[in-house]
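Please have the sequence and the model at hand.

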Amino acid sequence: MARMEQVSLMELGKLAAEGQTEAEVFAQISQCAQKLTKSNKPYLDVTFADAEGTMGLKVWEDKPWFRVLASLPLRSFVSLRGQWTKGSFGMEAADLDVRLLEETEKESFLAGSGTLKKKQEADLKEICVLIKSMNDPRIRSLCVEFMEQFAERLQRAAAARTYHHARRGGLVEHVAGMMRTASAVCQANPELNRDLLLAGCLFHDCGKLWENCYPKEDFTMPYSEAGELLGHIPLGIELVNNLWKRIMALPEADSWKTLDPPSPDVRMHLLHLIASHHGELAFGSPVFPKTPEAVALHYIDNLDAKLEMFRGAYETSEALAPKVLQRKAPLPANVVLPLPSVLPLVPDGADAMP
């Protein structure tokens, strides 16, 4: 069979919007429902998922791949090879060849695309570097304990179910982005408690390890009873309290008794950051931000989420005019392409900076 370019679902959507494209995608069948048209003709409404997003596809009964897809169980990992366009019903396929992935292909697919995988690995390393830079031994030990116990789960969690970083490993990207910003904010505002703010970035959404976590071999985010009944803020508070008890039982904890501020105050302020990071009672926080670090955390969280929303809109929204793209929820309006930065001028005859 002739070789085709292999792309992600997001890349396929962009290519198809520009015109017919021939490509192969690896995907998981996350939903497949048989429905009827207005003239009572059966069709399949299928949703495919990968590490970066989802794609809907309507498959009409007269297509050869209708029976193939209808026969496959949900959560099957498949290769889809064909000609793709974007029409009035969304993505459309022609000459589609569907096959199950081999085990080695499945393992590689679950790890994510090369670019995304490298980004998330780099973000995870940066989180660990920033933890190592903390001065307060209690906060540093708490963060190390969390990473030792839950790093694998952190790499499977999403930062949200929709809107921003809503993908497997998205929470690692969100936390790393926030910690980078927090470190810069503390450099500009040295009165802030840097260790506390960095820890707030790490722990603010730690309850999502149970609310928004993907299974080890799945790109479909399940719902959980704990996530529904409690939500990530109470879950995060409970987790930090349990980890705090653990580090306070360490042998080195005896040397922390003379530290100022006292350990109970450090724990309470960190819990306040988790509790207040949504900023408003109407948005799910039980209390308003009441310390400088809590206010900073709320805005850093909001900034990182909003910038990711813009990145997502630039990648997936349709053009309305030159440099103007269609609004993507929850952004309040259409988005405009950003103004590029001016590169430094290089004098004639001078070598460019390496």
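## A charge over a ring

Arginine 161 lies over the face of tyrosine 223, at 3.8 Å from the ring centre. A charge counts as over a ring if NZ of Lys or CZ of Arg is within 6 Å of the ring centre and within 35 degrees of the ring normal.

## About the model

This is a predicted model: local features need pLDDT of at least 70, side-chain atom pairs count only at pLDDT 80 or more, and totals for chains, interfaces and linings use all residues. Residues are numbered from 1 along each chain as its sequence is written, and side-chain values use heavy atoms, with hydrogens and water left out.

## Ring pairs

Rings of Phe, Tyr and Trp (its six-membered ring) pair if their centres lie within 6.5 Å; planes under 30 degrees apart count as stacked, over 60 as edge-to-face and the rest as tilted. The count comes to eight aromatic pairs. One of them joins phenylalanine 26 and phenylalanine 109 edge-to-face, at 6.3 Å centre to centre and 85° between the planes. Phenylalanine 26 is in strand 2 (residues 21–36) and phenylalanine 109 in helix 3 (residues 103–110), 83 residues apart. Helices (H or I, at least four residues) and strands (E, at least two) are DSSP runs, numbered from the N terminus.

Phenylalanine 109 also pairs edge-to-face with phenylalanine 219: the centres are 4.8 Å apart and the planes at 70°. Phenylalanine 219 sits in the loop between helix 8 (208–211) and helix 9 (225–229), so this pair ties together parts 110 residues apart in sequence. Ring pairs link Phe26, Phe77, Phe109 and Phe219 into a cluster.

## Buried rings

Buried means under 20% relative accessible area, exposed over 50%, partly exposed in between (1.4 Å probe, protein chains only). Phenylalanine 26 is buried at 10%. Phenylalanine 109 is buried at 9%, and phenylalanine 219 is buried at 5%.
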